[in-house]
Every structure is written in structure tokens, then in C-alpha cells.
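Welcome, and take a moment to turn the model around before reading on. The paragraphs that follow start from a single residue and then widen the view.

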Amino acid sequence: MKFSDEITVKGSVHVQVFRGKTLIEGFGGNNMIVYGGRVRLAQLISGESSNFIVKLGVGTGDKVPEENDNSLTDAEFFNCISRRVEGANAIFEFEIKENECNGKEICEFGLFTADDLMFSRRVRGGYIKKDEDLTISIKWILHF
């Protein structure tokens, strides 16, 4: 194994949509770690912040992620139900339950810190029409 003095942080998002217990759609892909997220990471490492990632935001915006993004359109937020470290990966899990977010056409996802700073953002092609019979499970992995 070759080591380098460069550190790259990448993220991937994995989404599963269930109707009852039946998986009806799954998708995933890379995310963009936005500028605010990179600044927060530096603050966490230096001890200047203790506001780590605690929630997921979903919204209706469909614009391509950009480095200076800091919010979602018509956002709703969900607390992390599980977070852990496996090797050099930080893994965050979320769930949008049947009685949450109904009527929303979800197109964008974001990781947010305890003080509402956007860390990273993902936009999918097309939207999920959230109905009362759907549950959405999200696993977001930051790879170091």
C-alpha cells in the first residue's frame, strides 16, 4: 500500500424507496462536498467546532450541485438514526417514514451539521413523489 500526504474526501449516497416492505426503487451516486463542508471539516480537525453531521435535508430543487451551495429548496430535515466509522469511512443512516414529507416531490438531498451548515449535496435525475405508503431509507458514506 502506498501512502501519500494528500487526503481526498468523497461521498456517496444510497437511497432505497419501499412501498410497505417491498423495495420499489433504489439509486445512488456520488455527492458534492460543498465549500462550507470542507471548511467545517477543517474546523472539526482543529477543534474549532464541535458541530458535526447530525441530519439529512431533502428538497425539491433540481439544479446541479455547485461548490457554494448552502441550502435546499423547500427543505425538510430528518435526524440521523445511525452513524458509525468503518475503516476510513463515516457512515450516516436516515429514514423518512410513511407519515413524513408526504406530497413533496423530492429531488435533492443534503447532509447538515448541528448548526445547520450544509456539508454535502446530491441531486438526482427525476424526483420521488413521496406518498403516505412510502418509506425512504438513505445511507450516506463519506470516504476518506
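**A walk through the fold**

F109 counts as buried because its relative accessibility is 0%; here buried means under 20% relative accessible area, exposed means over 50%, and partly exposed is in between, with a 1.4 Å probe and protein chains only. You will find F109 in strand 8, which covers residues 105-113. Helices (H or I, at least four residues) and strands (E, at least two) are DSSP runs, numbered from the N terminus. V58 is 51 residues away from F109 along the chain, yet their C-alpha atoms are separated by 4.6 Å.

Before going further, a word on what you are looking at. This is a predicted model, in which local features need pLDDT of at least 70 and side-chain atom pairs count only at pLDDT 80 or more, while totals for chains, interfaces and linings use all residues. Residues are numbered from 1 along each chain as its sequence is written, and side-chain values use heavy atoms, with hydrogens and water left out.

Now step back to the whole chain. It holds 1 helix and 10 strands, and from the N terminus on the elements run β-β-β-α-β-β-β-β-β-β-β. The C-alpha atoms fill a box of roughly 45 × 30 × 25 Å, taken along the principal axes. The chain has a radius of gyration of 15 Å, which agrees with the value near 15 Å for a compact globule, because that is what 144 residues would give. This radius is taken over C-alpha atoms, and the globule rule is 2.2 Å times the number of residues to the power 0.38.

How much of the chain is buried? Of its 144 residues, 38% count as buried. The accessible surface comes to about 8,200 Å², and 48% of it belongs to carbon and sulfur atoms; such areas come from the Shrake-Rupley method with a 1.4 Å probe, and for residues only the protein chains shown count as cover. Among contacts between residues at least 6 apart in sequence, 68% join residues at least 24 apart, where contact means heavy atoms within 4.5 Å.

Next, look for a sheet. Strands of a sheet pair through backbone hydrogen bonds, either parallel or antiparallel. In this model, 5 strands form an open sheet in the order 2-1-10-7-6, and the pairing is antiparallel; two strands pair if DSSP finds at least two bridges between them. Strand 2 (22-30) and strand 6 (82-86) are the edge strands, and each pairs on one side only. On average, neighbouring strands of this sheet are turned by 15° against each other, direction ignored. The axes behind that angle are lines fitted to C-alpha atoms, for helices over the stretch in contact, and angles run from 0 to 180 degrees between N-to-C directions.

Strand 1, residues 10-19, pairs with strand 2 in the antiparallel sense over 8 bridges. R19 stands opposite T22 in strand 2, and H14 has G28 of strand 2 as its bridge partner. The hairpin of these strands has 2 residues between them, and there G20 takes a positive phi near 65°.

R124 lies in strand 9, residues 118-129, and counts as buried because its relative accessibility is 12%. Its side chain makes a polar contact of 2.8 Å with the side chain of E25 and reaches the backbone oxygen of G126 at 3.3 Å. A polar contact is a pair of N or O atoms within 3.5 Å; within protein, one must be able to donate a hydrogen and the other to accept it, and residues adjacent in sequence count only if both atoms are side-chain atoms.

K55 lies in strand 4, residues 53-59, and counts as buried because its relative accessibility is 14%. A polar contact of 2.2 Å joins the side chains of K55 and D116. Beyond its neighbours within four places in sequence, K55 has contacts that include F77, F94, G110 and D116.

Finally, visit two loops. D74 sits in the loop between strand 4 and strand 5 (76-79), and its phi is near 55°, a positive value in a residue other than glycine. C101 lies in the loop between strand 7 (89-96) and strand 8, with a positive phi near 70°. Are these residues buried or exposed? D74 counts as exposed because its relative accessibility is 51%, whereas C101 is buried, with a relative accessible area of 6%.
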